[in-house]
Amino acid sequence: MIQMEKSVTAALLETAEKSVLYTARRPGIVMERGEGMFLWDTEGTRYLDFVGGWAVTSLGHSPAALQEALSRQASTLVHASPSYYNKPMIQFAELLTSVSGMDKVFFASSGAEANESAIKLARKHGAVNMNGAYEIITLTNSFHGRTLATMSATGKPQWKELYAPKVDGFKHVPINDLDACFAAVTNHTCAIMVELVQGEGGVHAVNEAYLYGLRKICDMYGMLLIFDEIQTGMGRTGKLFAYEHYGIKPDVLTLGKGIGGGFPLSAMLTKDKYDLFEPGDQGGTYSGQPLAMAAGYAVLQELLERNLARNAAKQGSYLVNGLHELACDFAISNIRGKGLLLAFDVPEGAGAELAAICLRGGLLINSPNPSTIRLVPPLIVAQKDIDEMLHILRHAFNQLKSA
Ligand SMILES: *Cc1c(COP(=O)(O)O)cnc(C)c1O
């Protein structure tokens, strides 16, 4: 008998199972290449990407601007050490602070680290200016990251017992309930930290009156208002920053995901008034790393030059209209979100099945919980991509119905 040679993909998957820790349920494909709105796997199958690397690949896959910036920087200086300034660090810091309405920035590599920095800054503020206050109020169903402190800040019910004991000093209150937040404030509270649209939590926005109230509470007690815009920032919601929808400014702003367009990069920004860290209080080997800085600068310049925030608003409303049309024929409800951070509900338990059917149809979508589908495509998405996406989704719903 002739032994059939294993396909390259099957061999890769076998190796993956043997050598990669099982921390995520992944489909049996291996991604190999990306361009614009598309990814290709090792079998050559093309996928239209409405996951966007989890709201990361804002300029699409392998955009020319990022390729060019990275290769230019790689041939000049890859890493100098956080002990020294480098040119792209200074240039990006200036650009980012000037567009964000903040004064100063600390750079890191992941969103969780940016939030850790915000938590540390809030505690420093508590220590220096508020008699040692250290408690931070966050929201139920919020998501702030996967380090121990940011997991404690996170309001995911499934994480309550995970990796106990929790880091102390976080209180969770329900979203859009100002009385609950007010009641949670004590003389130990130094900050309130919120996402303006809860992303991982299923795309739920804070309302204007609530955010205005949070600003008031913080001003009243001298507490820091921290906006975690790791998912909502950098054009995702149709404005460069989601706080622009509300006209309410934070004292501390954290950014991640889309800021590097796929290169690991995050930032924690604040006002001069809260420039409280002293040398040694906060740091990191890759803080202000030249490649990351060059990537961030190139991505932001592209976002601004091509006004991709406006494209996010425009294509987002086109996509929402298409979803409303689909909702006439299928069990789609609660279509919600801002710009290109969108979600809708499907019958309980159908989320993962729908995502799997779409994958087989060449479309990547994300189901953050069993009854929700979240759509976070690259900000370069065009009408024709949305038409194709809606076509595959319609087909998937038909299959779901007959299942
Ligand atoms: C993704 C996310 C984080 C964590 O970012 P990582 O880069 O995964 O550490 C924190 N906050 C929000 C709102 C996020 O969406």
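## A loop residue and the basis of the model

Asparagine 176 sits in the loop that joins strand 6 to helix 7 (178-184), where helices (H or I, at least four residues) and strands (E, at least two) are DSSP runs numbered from the N terminus. The phi angle of asparagine 176 is near 60 degrees, a positive value in a residue other than glycine.

The model is predicted, so that local features need pLDDT of at least 70 and side-chain atom pairs count only at pLDDT 80 or more, while totals for chains, interfaces and linings use all residues. Residues are numbered from 1 along each chain as its sequence is written, and side-chain values use heavy atoms, with hydrogens and water left out.

## A cis peptide bond

Proline 165 belongs to the loop between helix 6 (148-153) and strand 6 (170-173). The peptide bond leading from alanine 164 to proline 165 is cis, with omega near -5 degrees.

## Surroundings of the ligand

Polar contacts are pairs of N or O atoms within 3.5 Å. In one of them, a polar side-chain atom of lysine 257 lies 2.6 Å from an oxygen atom of the ligand. A polar backbone atom of alanine 112 is 2.7 Å from an oxygen atom of the ligand, and a backbone N or O atom of phenylalanine 143 is 3.2 Å from a ligand nitrogen atom.

## Helix 10 and helix 3

The axes of helix 3 (residues 64-74) and helix 10 (residues 290-305), which are lines fitted to C-alpha atoms over the stretch in contact, with angles running from 0 to 180 degrees between N-to-C directions, come within 9 Å and cross at roughly 150 degrees. That makes helix 3 roughly antiparallel to helix 10, a term for angles over 145 degrees.

Contact means heavy atoms within 4.5 Å, and among the residues that meet are Ala65, Leu66 and Gln73 of helix 3 and Pro290, Leu291 and Glu302 of helix 10. The residues of this contact divide into eleven nonpolar, one polar and one charged, where Ala, Val, Leu, Ile, Met, Phe, Trp, Tyr, Cys and Pro count as nonpolar, Asp, Glu, Lys and Arg as charged, and the others, Gly among them, as polar.

## Helix 10 and helix 4

The axes of helix 4 (residues 87-100) and helix 10 come within 8 Å and cross at roughly 35 degrees. Among the residues making the contact are Phe92 and Leu95 of helix 4 and Met293 and Tyr297 of helix 10.

Methods
Parallel < 35°, antiparallel > 145°, perpendicular 65-115°, else oblique. Polar contact = N/O pair within 3.5 Å; in protein donor to acceptor, adjacent residues only side chain to side chain.
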